[in-house]
There are 2 protein chains.
Amino acid sequence: MSRVFNFGAGPAGLPVEVLEEARDQLLDFQGSGMSIMESSHRGKEYDAVHQEAIANLKSLLQLDADHEVLFLQGGASMQFGMLPLNLLGVGQTADYIHTGSWAGKAIKEAKLIGKVHLAADVSKARPARIPKVGELALTPGAAYVHLTSNETIDGTEWWEFPRTESPLVADMSSDILSRPFDANRFGLIYAGAQKNLGPSGLCLVVIRKDLAARSPATLSSMLRYATHLEENSLYNTPPTFGIYILMLVTRWIKAMGLENLHLRNREKAAKLYAAIDGSGGFYRGTAAPECRSNMNVTFRLPSEALEEQFVKEASKHSMKGLKGHRSVGGIRASIYNAFPAAGVDALVSFMREFQSKNG
Amino acid sequence: MSRVFNFGAGPAGLPVEVLEEARDQLLDFQGSGMSIMESSHRGKEYDAVHQEAIANLKSLLQLDADHEVLFLQGGASMQFGMLPLNLLGVGQTADYIHTGSWAGKAIKEAKLIGKVHLAADVSKARPARIPKVGELALTPGAAYVHLTSNETIDGTEWWEFPRTESPLVADMSSDILSRPFDANRFGLIYAGAQKNLGPSGLCLVVIRKDLAARSPATLSSMLRYATHLEENSLYNTPPTFGIYILMLVTRWIKAMGLENLHLRNREKAAKLYAAIDGSGGFYRGTAAPECRSNMNVTFRLPSEALEEQFVKEASKHSMKGLKGHRSVGGIRASIYNAFPAAGVDALVSFMREFQSKNG
């Protein structure tokens, strides 16, 4: 068996130790005689997994007693609707900060449900960037302020979160648990699991508990944050296997330490950006340097033909998933938490070789 | 490693061959150098899985060109809301047939959204039963007629589906693909995967395509059947690993043949019902004989104390998950597709022994 370097934007690579443990227990979880996939969500085996997953997240995010962890389904895309359905009351306005492709999707869905004000719109800025805190035109009394902490397609990341009077809400699908931050300042955080936390089909929500009181009683039970808060994410059968993998991933992060993981993530990204910046213009980063993402490193080559050749040759050297998103083209190296430093070194070497042959 | 007999109601046992294949490929799917869990949902490895899962379902259900298969999230509970949000127009009435716990949940959620008429209500009948076709009081011009094909808690199953003018809709979570039936007569079928199809976190929907035109444009994209139909269930990242397991399970069913699987299911259930009926009243079935489920065999013992003892001793003999649902008590043996015939034989022997010691 030979594992490749998976630069894909998500579903993304998982720690090999996590996969090995899942494999070894797949037919017999801890001597129970069944897979965790086959275990009742009301039974003691799964319950221990569920509780540890929640406890690990609370510990890693250092959540206070006002915040709770929920495990939902439907990915961030479902949250684009669920969020305003729960928190955007009739006659209220929600502030959204438009930073690119994913913020744009959140905005489009929110507009179906209520009144949306763009507190800033840098979605067309080139190089791609994040607005400065002083640029934000916030609405007094807004239902909430929404931002996208990392734009996977545009390669930008928020490095300083604004302080807002209204509850701050963030889509953190692509950088959750990649660095320490003050989660307790947020009213709500959501994150599809398939980049930094586990497999697809599981969405983490961190909610300030008082906000769940806004969930309208007329809303379908499954769409109400209040339902899942009251039932500890066991209102119906949760995606048990996904939560099991998330539990193993969070255990892995705890063992490494979030600060160490952050340093490792920063070093991985810094090496790639140094390779781009040191190429004399052969490689060109697409994000403004002060807004560059540590998770998705996006860059262009002198021509689309060279980009295509780059992706093809890298693939032959076991570096997969480097093609930029179909909407923007170029190259994208996604280097989430589980992505090994050795993969970055391999890519940097390859970039040098490729330039020397084609530069 | 020793596997137990898992009589749990769901998440339920999976075919051991499926688990073995998933285990063997967990770190390196078909030589791709990554797990299928880590593969892009837009890549060729996952695409082949996705297409085969759909093709297997279309083949097993013998779907005509008017019907399509969708992979959604949130389980049947999400469908309880999504269904009326999409198909129950303003001013229209939906007919629901109330047969027990799960039908009751569907009805409760539909009432949040629109006008519901109970075409029959046998939810309080003891023994539990399914209404006869002649008992149904259907609404002319109803948006749809909803039934629950198998009540996991009450132990009843529909053996003859009504012919209705309005589109027939069924929650088939607990008996989908356990027997041949004419799926093309249905407007919509939904089924949480975790009993007969795969792990939790995946919900199969079969929809008559013209019905998707009813999805209101004002609804969140993720909640519209039309979205998922247009995007072939790839609007956002689907629960890829769950769909992979479903693909393996449907491959397993195809290899066995649905008719053979049905015979096996019927034989398993018949053996258990014969043991109940032949016990001289020590074991008492809770469902009317002509409505008995082949999936969930529910019965009582002379006292709750004996029931508790039965569950406890069975567990010591590697028979797990026999406790009835907390809302009704008693014993429930769930014997879905993947449940082995040997497990039924073991339970029948145990029932005889238990009776001879305690009868």
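Where in chain B is the place of Ser318(B)? This note answers that in its last point. The model is predicted.

1. **The sheet of chain A.** Seven strands form an open sheet in chain A. Their order is S2-S10-S9-S8-S5-S3-S4, and the pairing is mixed. Strand S2 (67-72) and strand S4 (115-121) of chain A stand at the edges. Each has a single partner strand, so one side of each has no neighbour in the sheet. Neighbouring strands of this sheet are turned by 20° against each other on average, with direction ignored.

2. Take strand S5 (residues 145-148) and strand S8 (residues 168-171) of chain A. They pair in the parallel sense, over four bridges. One bridge can be found by residue: Val145(A) has Leu168(A) in S8(A) as its bridge partner. As background, strands of a sheet pair through backbone hydrogen bonds, either parallel or antiparallel.

3. **A helix on the sheet.** Which strands does helix H2 (residues 44-60) of chain A touch as it packs on the sheet? They are S2 and strand S10 (203-208) of chain A. The direction of H2 makes about 130° with that of S2(A).

4. **Arg179(A), a buried arginine.** Look in the loop between S8 and strand S9 (186-192) of chain A, where Arg179(A) is found. Is Arg179(A) buried or exposed? The relative accessibility of Arg179(A) is 8%, and buried means under 20%, so Arg179(A) counts as buried. The side chain of Arg179(A) makes a polar contact with the side chain of Asp175(A), at 2.9 Å. A polar atom of the Arg179(A) side chain also lies 2.9 Å from the backbone oxygen of Trp158(A). Leaving out residues up to four places away in sequence, Arg179(A) touches Ser149(A), Glu157(A), Trp158(A), Trp159(A), Phe161(A), Leu258(A) and His262(A).

5. **Helix H3 of chain B.** This helix covers residues 75-87, which makes 13 residues. From its first C-alpha to its last, H3 of chain B reaches 18 Å, close to the 18 Å expected at 1.5 Å a residue. H3(B) still has a kink of about 25° at Gly81(B), shortly before the proline Pro84(B).

6. **Two cis peptide bonds.** Most peptide bonds are trans. In chain A, the bond from Gly10(A) to Pro11(A) is cis, with omega near -5°. Pro11(A) is found in the loop between strand S1 (5-6) and helix H1 (16-24) of chain A. In chain B, the bond from Arg126(B) to Pro127(B) is cis, with omega near 0°. Pro127(B) lies in the loop between strand S4 (115-121) and strand S5 (145-148) of chain B.

7. **Two positive phi values.** Most residues other than glycine have a negative phi. Leu177(B) has a positive phi, near 60°. Leu177(B) lies in the loop between strand S8 (168-171) and strand S9 (186-192) of chain B. With 0% relative accessibility, Leu177(B) counts as buried. Ser318(B) also has a positive phi, near 65°. Now the opening question: Ser318(B) has its place in the loop between helix H8 (304-316) and strand S13 (319-320) of chain B. Ser318(B) is partly exposed, with a relative accessible area of 31%.

Notes. Residues are numbered from 1 along each chain as its sequence is written. Chains are lettered from A and ligands numbered from 1 in the order in which they are written. This is a predicted model: local features need pLDDT of at least 70, side-chain atom pairs count only at pLDDT 80 or more; totals for chains, interfaces and linings use all residues. Side-chain values use heavy atoms; hydrogens and water are left out. The expected span of a helix is 1.5 Å times one less than its number of residues. The bend at a residue is the angle between axes fitted to the seven residues ending there and the seven starting there. Two strands pair if DSSP finds at least two bridges between them. Axes are lines fitted to C-alpha atoms, for helices over the stretch in contact, and angles run from 0 to 180 degrees between N-to-C directions. Contact means heavy atoms within 4.5 Å. Buried means under 20% relative accessible area, exposed over 50%, partly exposed in between (1.4 Å probe, protein chains only). A polar contact is a pair of N or O atoms within 3.5 Å; within protein, one must be able to donate a hydrogen and the other to accept it, and residues adjacent in sequence count only if both atoms are side-chain atoms.
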